[in-house]
Amino acid sequence: IPPAAGWDYWTLPLSLPHLLGTTLDTIPAELPYLTAEPEEIAVWRSAVGKPWPDLGVGLVWKGNPRFERDADRSLPSISVLAPLEEVPGIRFFSLQKGAEEEGSAVQGSLPMVELGLQLSAFAETAAVIMNLDLVITVDTAVAHLAGALGKPCWVLLSDSRAEWRWLKERTDSPWYPGVLRLFRQKISGNWGPVIADVKTALKAQTEVGSS
């Protein structure tokens, strides 16, 4: 309830795009609009072992389990990403936080450099991302961080009640033009075809890089 006095106009925040006449073509999206500290980037460049001849890809496969729709947006386990190991010329880095990060090396589903446990702030995550070539993530804050940094990011989306900002049936995002690529489920809960599409896209990416 707005206060009874002290204002000239009031509106609901989500009504502002309508009132301001915002369209898909006028969404503010000059990228990047976030940057990482150069000193932090240099520190994490050493940590990730750059330079390397491979494509450096960061991975996030789980969101916050306290989110009410986390079961829809998160992968059941890291093993879902196992087919990506078959693509040559890629070095994977885990940006995953929480209990999933602690178990990923033990599961051995996908060989990767584990960095999640070393990250204590989003500023550090941003610095790591700036040292990578690509981020692949489920629908978490890391997708928005990578997009705001202007780094290529592929987002894996559930068919069940996906976040409204990703709109419908698009494979790109007007919020992060030319940066984000969306890989959508066609059947709720079926991640297999999504990962197959990502695998095909990764192969194409590595072939371009080696040509």
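## Basis of the model

Because the structure is a predicted model, local features need pLDDT of at least 70 and side-chain atom pairs count only at pLDDT 80 or more, while totals for chains, interfaces and linings use all residues. Residues are numbered from 1 along each chain as its sequence is written, and side-chain values use heavy atoms, with hydrogens and water left out.

With a salt bridge taken as a side-chain nitrogen of Lys or Arg within 4 Å of a carboxyl oxygen of Asp or Glu, the count comes to five salt bridges. One of them joins the side chains of Asp70 and Arg73, at 3.0 Å from N to O.

Both Asp70 and Arg73 belong to helix α3 (residues 70-73), where they stand three residues apart, about one turn of the helix; helices here are DSSP runs of H or I with at least four residues, and strands are runs of E with at least two, numbered from the N terminus. Asp70 and Arg73 are both buried, where buried means under 20% relative accessible area, exposed over 50%, and partly exposed in between (1.4 Å probe, protein chains only).

## A pair across the sequence

The side chains of Lys199 and Glu86 form a salt bridge at 2.2 Å, N to O. Lys199 lies in helix α7 (residues 192-210) and Glu86 in the loop between α3 and β2 (90-94), so this pair ties together parts that are 113 residues apart in sequence. Lys199 is buried, with a relative accessible area of 16%, whereas Glu86 is exposed, at 53%.

## Arg165 and Glu163

Another salt bridge links the side chains of Arg165 and Glu163, at 3.1 Å from N to O. Arg165 counts as partly exposed at 31% relative accessibility, while Glu163 counts as buried at 17%.
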